[in-house]
Amino acid sequence: MGFMKGVLVRLLATAFAFWLATLIIPGITLDTDSTGQVVLTVVLVAVIFGVVNAVLQPIIKTLGCGLYILTLGLIAIVVNALLFLLTGWIAEQVDLPFDVENFWPAAVLGALFVSLVTWVLGLIFDRD
């Protein structure tokens, strides 16, 4: 699969996962009625989430290496939830109608759900 096609597939899979999360996870809301605005919002939120993860996650993993070892990697759930919460905050700052209400259960369950859905979609669509 070409690089750009791979990026596009991952972006759309993440956007789809965010849209599903707004339907399933309590505390994650998408406050718009227009289908076009829903699509645009979840794609932009997926881009924000990708940038936040690409920039902050390697730094956090490097600085918190001992904590990852000490907790046998379970701290990753907390880190991913905080990055998910940060994504919701950034989306709010740029006036996107996407909101993550709180850390528990919205951010924790949302991060787990989006990770699981994008992983499954990656298995399905990431074929050569």
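**View 1. Thr 22 is buried, with a relative accessible area of 14%.** Buried here means under 20% relative accessible area, using a 1.4 Å probe and protein chains only. This is a predicted model, where local features need pLDDT of at least 70, side-chain atom pairs count only at pLDDT 80 or more, and totals for chains, interfaces and linings use all residues. Residues are numbered from 1 along each chain as its sequence is written, and side-chain values use heavy atoms, leaving out hydrogens and water. You will find Thr 22 in helix 1 (residues 3-24); helices are DSSP runs (H or I, at least four residues), numbered from the N terminus. A polar atom of the Thr 22 side chain lies 2.5 Å from the backbone oxygen of Trp 19. Setting aside neighbours within four places in sequence, Thr 22 is in contact (heavy atoms within 4.5 Å) with Ile 28, Thr 29, Leu 30 and Phe 98.

**View 2. Helix 4 (residues 75-93) packs with helix 5 (residues 103-125) at an angle of about 100 degrees.** Their axes, lines fitted to C-alpha atoms over the stretch in contact, with angles running from 0 to 180 degrees between N-to-C directions, are 8 Å apart. The two helices are therefore roughly perpendicular (65 to 115 degrees) to each other. Among the contact residues are Phe 84 of helix 4 and Phe 103 of helix 5.

**View 3. Helix 2 (residues 35-63) and helix 4 cross at roughly 135 degrees.** Here the axes come within 9 Å. Residues making this contact include Phe 49 and Asn 53 of helix 2, along with Asn 80 and Thr 87 of helix 4.

Definitions and conventions
Parallel < 35°, antiparallel > 145°, perpendicular 65-115°, else oblique. Buried < 20%, exposed > 50% of the residue type's maximum accessible area, 1.4 Å probe, protein only. Polar contact = N/O pair within 3.5 Å; in protein donor to acceptor, adjacent residues only side chain to side chain.
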